[in-house]
Amino acid sequence: MTLECKNVWEHISEYLDQQLEPKLLADIEKHLENCEVCSAILDSTRNILVLTADNRTFELPVGYSERLHARLEKAIRESAKPNNDSA
Amino acid sequence: MPATVEREKELIARIIAGETDLFHELIRPYERMVYLSILTMLRNTQEAEDAAQEVMINAFRHLKSFRGDAKFSTWLVTIAMNEGRQRLRKAKAAQFESLDEGKEDRQGDFTPAVLTDWREIPSEALEKKEMRQKLREAVEQLPPIYREVLVLRDLEELNQEETASALGINITLVKVRLHRARMMLQKILAPYLRAVAPAKKGFFGRMFQ
């Protein structure tokens with residue numbers, strides 16, 4: 001069965017997540033071999049995902065961890081006080 | 001890398017038993033995840049940082065209620081998502097955002113950008129700072145219901161079950177929203193990518209296998 005481009009686009013996510021049934025996967029791969037447009041869409045989407053997962057894309061503020069643990073430390077100390085409500 | 005499940009269980013038990021200092025160690029692998037999941041909701045670094053701190057403190061205070069039937073990371077993300085949503089509501093941003101919520105799962109046709117002279121992003125473009133900036137903006141532009149799923153799945157790399165559990169939605173919805181989120185990103189970024197990535201005629205090899 002030949003797939004139309006539109007059918008391929010519907011399954012790009014599942015393709016990237018490797019969740020396709022073997023039959024559909026084979027059909028899609030066959031389509032991709034012959035369709036530059038779909039190949040390009042697939043590649044660009046994949047690349048966007050690689051970039052999304054790249055730690056440099058979404059960075060933590062400088063000193064974030066230190067401030068977090070300092071505040072936590074304070075909360076932990078407070079919880080250890082005798083009159084807390086966890087009795 | 002997150003500690004093993006066994007190590008986490010042990011840590012949690014010991015913290016509850018009174019070795020509270022171990023909480024620092026317990027949450028260390030998840031600092032980034034908590035901050036980023038909130039940041040992408042609130043879009044404000046200052047507030048996201050404050051919210052992330054609150055989340056960790058709340059997690060500490062309520063650690064006893066962690067049942068262990070979910071993963072600790074999922075439990076933590078659930079708290080983070082709730083904190084983010086709560087702040088959004090407070091900021092009245094929710095008023096604006098709810099417009100997007102209304103669209104929910106309307107069967108729209110999210111088609112990718114199809115450009116006849118489309119070329120994939122060459123690796124040099126991926127290395128560009130502007131590219132990352134553009135992607136951050138694109139993620140922030142996504143309607144919240146799609147953004148949430150994308151952040152948990154593709155940024156934090158939680159699996160479908162964990163994402164579903166953290167957001168309180170079913171797996172089918174996770175898949176549908178993730179697909180749409182990705183297609184929206186592709187669509188938003190395509191014209192820009194075309195601009196930063198000079199066409200390489202005939203080059204269609206896959207970059208990442």
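In the predicted model, 37% of the 209 residues of chain B count as buried. The secondary structure of this chain comprises 11 helices and 0 strands, and its elements follow one another along the sequence as α-α-α-α-α-α-α-α-α-α-α. Among the contacts in chain B with a separation of 6 or more, 72% are made by residues 24 or more positions apart.

Chain B is divided into two domains, with domain 1 spanning residues 5–91 and domain 2 spanning residues 105–196. The contact between them involves 12 residues from domain 1 and 14 residues from domain 2. On the side of domain 1 that touches domain 2, the elements giving two or more residues are α3 (31–42) and α5 of chain B. Helix α3(B) provides the largest share of this side, namely 5 residues. By class, the side of domain 1 of chain B that touches domain 2 consists of 6 nonpolar, 4 polar and 2 charged residues.

Helix α5 of chain B, which covers residues 72–90, contains B:I79. When residues up to four places away in sequence are not counted, B:I79 touches B:V55, B:N58 and B:A59. One of these, B:V55, lies 24 residues from B:I79 along the chain, and the C-alpha atoms of the two residues are separated by 6.3 Å.

Chain B is also in contact with chain A. This contact is formed by 33 residues of chain A and 43 residues of chain B. On the side of chain A that touches chain B, α4 (36–53) and α5 (64–79) of chain A each supply at least two residues. Helix α4(A) gives the most to this side, with 16 residues. Sorted by class, the side of chain A that touches chain B has 18 nonpolar, 10 polar and 5 charged residues.

Terms used: Residues are numbered from 1 along each chain as its sequence is written. Chains are lettered from A and ligands numbered from 1 in the order in which they are written. This is a predicted model: local features need pLDDT of at least 70, side-chain atom pairs count only at pLDDT 80 or more; totals for chains, interfaces and linings use all residues. Helices (H or I, at least four residues) and strands (E, at least two) are DSSP runs, numbered from the N terminus. A residue is buried if 20 or more other C-beta atoms lie within 10 Å of its own, exposed if 12 or fewer, and partly exposed in between; C-beta atoms are placed from the backbone. Two residues are in contact if their C-beta atoms, placed from the backbone, lie within 7 Å. Domain bounds come from an automatic or database domain assignment. Ala, Val, Leu, Ile, Met, Phe, Trp, Tyr, Cys and Pro count as nonpolar, Asp, Glu, Lys and Arg as charged, and the others, Gly among them, as polar.
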